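Visitor: I'm new to this structure and would like to learn how to read it. Could you walk me through a few features?

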Amino acid sequence: LIFSSIFILLLSPIFLLISILIKITSKGPIFYTQKRYGLDSKSFRIIKFRSMSVLERDDQECLHQAKYNDPRITKIGKYLRMWSLDELPQLFNVFIGNMSIVGPRPHAVSHNEKYRKLITGYMQRHSFKPGMTGLAQIYDLRGETKELNDMKLRIKADLLYNSNWDIFLDFSILIRTLMRIKSKKAY
């Protein structure tokens, strides 16, 4: 609560600048919300800066993950995603209590429904609050999951986090996240 409050205040000029850039470079809302599963599989709406020109309904059977050179991504969205700036509004999710700064990243509901049937232990990741960053992100297991093994590796990192959690691990993940804020896999 304290951490998110401080960062919301400190980053408010950046929030304003990004909001203006989104509005002048593409049509549509500034923010994008999507239903996700959180702690104990309770649903909540994740908040992001809109980075795509096409907004998919989150009740679709299967949402399409962003791909390299995805035509749906806006010009400004490309940079927001590359630098993870599209994730900043999740500080409001942290402030509200739906998310934590560190924890397993929440997936779209349709992806949860798909992968829970394919990966043993998948839903165990919901025994912790979802986070803005986590072990999977610092292990560079983010972005598109082209193969089932890509998601298996991500879930393995999430479960490793859950079984080894302590405050020092969270600080380590935060520091390593800041050192790797730019990602070639974020598209």
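Visitor: Which residues is Phe49 in contact with, leaving aside its neighbours within four places in sequence?

Guide: This is a predicted model, so read what follows as computed from it. The general idea first: in soluble globular proteins, nonpolar side chains tend to be buried together. Here, Phe49 is in contact with Phe15, Ile18, Ser19 and Ile22, and also with Ile30, Phe31 and Tyr32. Leu80, Leu85, Asp86, Leu88 and Pro89 complete its list.

Visitor: How many residues does the largest nonpolar core have?

Guide: That core has 25, and Phe49 is among those with the most contacts inside it, along with Leu91, Leu135 and Ile173. At least two residues each come from α1, β2, α2, α3, β3, α5, α6 and α7. Helix α1 gives the most, five residues. There's also a second, separate core of five residues, including Ile119, Tyr122, Met151 and Ile155.

Visitor: What about charged side chains? How many salt bridges does a search of the whole structure find?

Guide: Four. Start with Lys48 and Glu87, whose side chains meet at 3.6 Å, N to O. Lys48 is in strand β2 and Glu87 in the loop between α2 and α3, so this pair ties together parts 39 residues apart in sequence.

Visitor: Which other residue is linked with Lys48 and Glu87 in a network of salt bridges?

Guide: Arg105. Its closest approach to Glu87 is 2.9 Å between N and O atoms. Arg105 sits in the loop between β3 and α4, so its pairing with Glu87 ties together parts 18 residues apart in sequence.

Visitor: Which backbone angles should I look at?

Guide: Most residues other than glycine have a negative phi. Asp40, though, has a positive phi of about 60°; this residue lies in the loop between β1 and β2 and is exposed, at 52%. Asp140 has a positive phi too, near 60°. Its place is the loop between α5 and α6, and it is partly exposed, at 25%.

Visitor: What pLDDT does the chain average?

Guide: Where pLDDT is low, the predicted coordinates should not be read in detail. This chain averages 90, and 91% of the residues score at least 70.

How values were computed
Residues numbered from 1 in each chain as written. Predicted model: local features only at pLDDT ≥ 70, side-chain atom pairs only at ≥ 80, totals over all residues. Heavy atoms only, no water. Helix = DSSP H or I, 4+ residues; strand = E, 2+ residues; numbered from the N terminus. Buried < 20%, exposed > 50% of the residue type's maximum accessible area, 1.4 Å probe, protein only. pLDDT = per-residue confidence, 0-100. Core = buried A, V, L, I, M, F, W, Y, C linked by side-chain atoms within 4.5 Å. Contact = heavy atoms within 4.5 Å.
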